[in-house]
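This report reads a protein model from single side chains up to the whole fold. Please keep the structure in view while reading.

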Amino acid sequence: MTMPGFTISLVDDDDGVLKALSRLLRVNGLSIQTFSSPQEFLLQHDPSVPGCAILDVSMPGLDGLELQQALAARHAELPIIFITGKGDIPTGVRAMKAGAVDFLTKPIKNGQLLAAIEQARELAAKTGEARAQLEAIKARLAKLTPREHEVLTLVVAGRLNKQIASELGTVEKTIKVHRGRMMKKMGVRTVADLVRMTEKAGIRPRA
């Protein structure tokens with residue numbers, strides 16, 4: 001079950017649990033980092049490294065749910081798997097509603113943990129792909145002139161060239177030129193594709 005480039009961060013104040021889980025995951029060819037406290041993890045966490053976190057729920061100072069909230073506040077898109085010694089349903093519900101991949105009760109079954117990690121890996125891959133797409137869209141948007149950006153917001157709002165020309169105080173022929181250049185820079189051929197792209201970038205159509 002090797003996952004090249006994917007690192008699992010184990011965070012638990014119980015040294016015995018850290019050692020046991022580390023052995024299990026390394027036997028399965030997985031890359032592991034261990035942390036004995038949430039604070040230590042937060043200090044060393046690198047959001048640019050693909051991976052997931054396995055967090056104990058009950059830890060002194062900062063518990064697993066609070067660590068999940070701290071990561072969310074940093075906009076860290078890190079899949080989280082919780083482990084706990086108590087089958088606390090309300091806590092599990094809170095964790096899952098906040099985006100946890102799974103909530104496992106100790107003693108943890110190997111198959112369940114490995115399945116949760118695979119699910120986390122798939123989620124991380126999708127998140128990474130979406131992030132890369134967004135960065136590519138932003139790079140294309142940065143190439144637009146201010147006028148081309150204006151035309152873009154009007155095109156995705158459904159305006160025709162004639163309407164855009166009237167709104168911007170120019171002639172339709174000029175708008176056709178700006179529109180053609182804008183579409184080429186954005187790498188799209190249809191308005192539908194342009195709309196989907198701008199939605200991903202959070203650009204609102206001009207009212």
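E150 is partly exposed, with a relative accessibility of 29%. In this predicted model, the side chain of E150 takes part in a salt bridge with R206, in which N and O lie 3.5 Å apart. E150 belongs to helix α6, whereas R206 lies in the segment after α9 (191-200), so the pair ties together parts of the protein that are 56 residues apart in sequence. R206 is likewise partly exposed, at 31% relative accessibility.

E150 also meets the side chain of R147 in a salt bridge, with an N to O distance of 3.0 Å. R147 has a relative accessible area of 31% and is partly exposed. Why can these two side chains be found on one side of a helix? R147 and E150 are three residues apart in helix α6 (residues 146-155), which means that about one helical turn separates them. In general, an α-helix has 3.6 residues a turn, so residues three or four places apart point the same way. Side chains of opposite charge can then pair when their charged atoms come close.

D193 is partly exposed, with a relative accessible area of 30%, and R196 is partly exposed at 46%. Elsewhere, salt bridges with shared partners join R147, E150, R159, E167 and R206 into one network. How many salt bridges does a search of the whole structure find? The search finds eleven.

| Salt bridge | N to O distance |
|---|---|
| R147 and E150 | 3.0 Å |
| E150 and R206 | 3.5 Å |

P38 lies in helix α2 (residues 38-44). Its relative accessible area is 1%, so P38 is buried, the cut-off being under 20%. Leaving aside neighbours within four places in sequence, P38 is in contact with V11, M59, L62 and L67. The C-alpha atom of P38 is separated by 8.5 Å from that of L55, although the two residues are 17 residues apart along the chain.

T91 is found in helix α4 (residues 89-97). With a relative accessibility of 13%, T91 also counts as buried. When residues up to four places away in sequence are not counted, T91 touches V57, L65 and F103.

Helix α5 (residues 110-141) contains 32 residues. From its first C-alpha to its last, helix α5 reaches 47 Å, close to the 46 Å expected at 1.5 Å a residue. Which residues of α5 are buried? They are L113, L114, A116, I117, A120, A124, T127, I137 and L141.

The protein as a whole can now be described. It has nine helices and five strands. Along the sequence, these elements follow the pattern β-α-β-α-β-α-β-α-β-α-α-α-α-α. The radius of gyration is 24 Å, well over the 17 Å given by the globule rule for 207 residues, so the protein is more spread out than a compact globule. The C-alpha trace spans about 75 × 35 × 30 Å along its principal axes.

Of the 207 residues in the protein, 40% are buried. The protein exposes about 11700 Å², and carbon and sulfur atoms supply 53% of that area. Among contacts with a separation of 6 or more, 63% are between residues 24 or more positions apart.

Finally, the confidence of the prediction deserves attention. The mean pLDDT of the protein is 92, and 98% of its residues reach 70 or more. Where is confidence lowest, and where is it highest? It is lowest in α4, at a mean of 87, and highest in helix α8 (residues 172-186), at 97.

Definitions and conventions:
Residues are numbered from 1 along each chain as its sequence is written. This is a predicted model: local features need pLDDT of at least 70, side-chain atom pairs count only at pLDDT 80 or more; totals for chains, interfaces and linings use all residues. Side-chain values use heavy atoms; hydrogens and water are left out. A salt bridge is a side-chain nitrogen of Lys or Arg within 4 Å of a carboxyl oxygen of Asp or Glu. Helices (H or I, at least four residues) and strands (E, at least two) are DSSP runs, numbered from the N terminus. Buried means under 20% relative accessible area, exposed over 50%, partly exposed in between (1.4 Å probe, protein chains only). Contact means heavy atoms within 4.5 Å. The expected span of a helix is 1.5 Å times one less than its number of residues. The radius of gyration is taken over C-alpha atoms; the globule rule is 2.2 Å times the number of residues to the power 0.38. Accessible areas come from the Shrake-Rupley method with a 1.4 Å probe; for residues, only the protein chains shown count as cover. pLDDT is the predictor's confidence in each residue, from 0 to 100.
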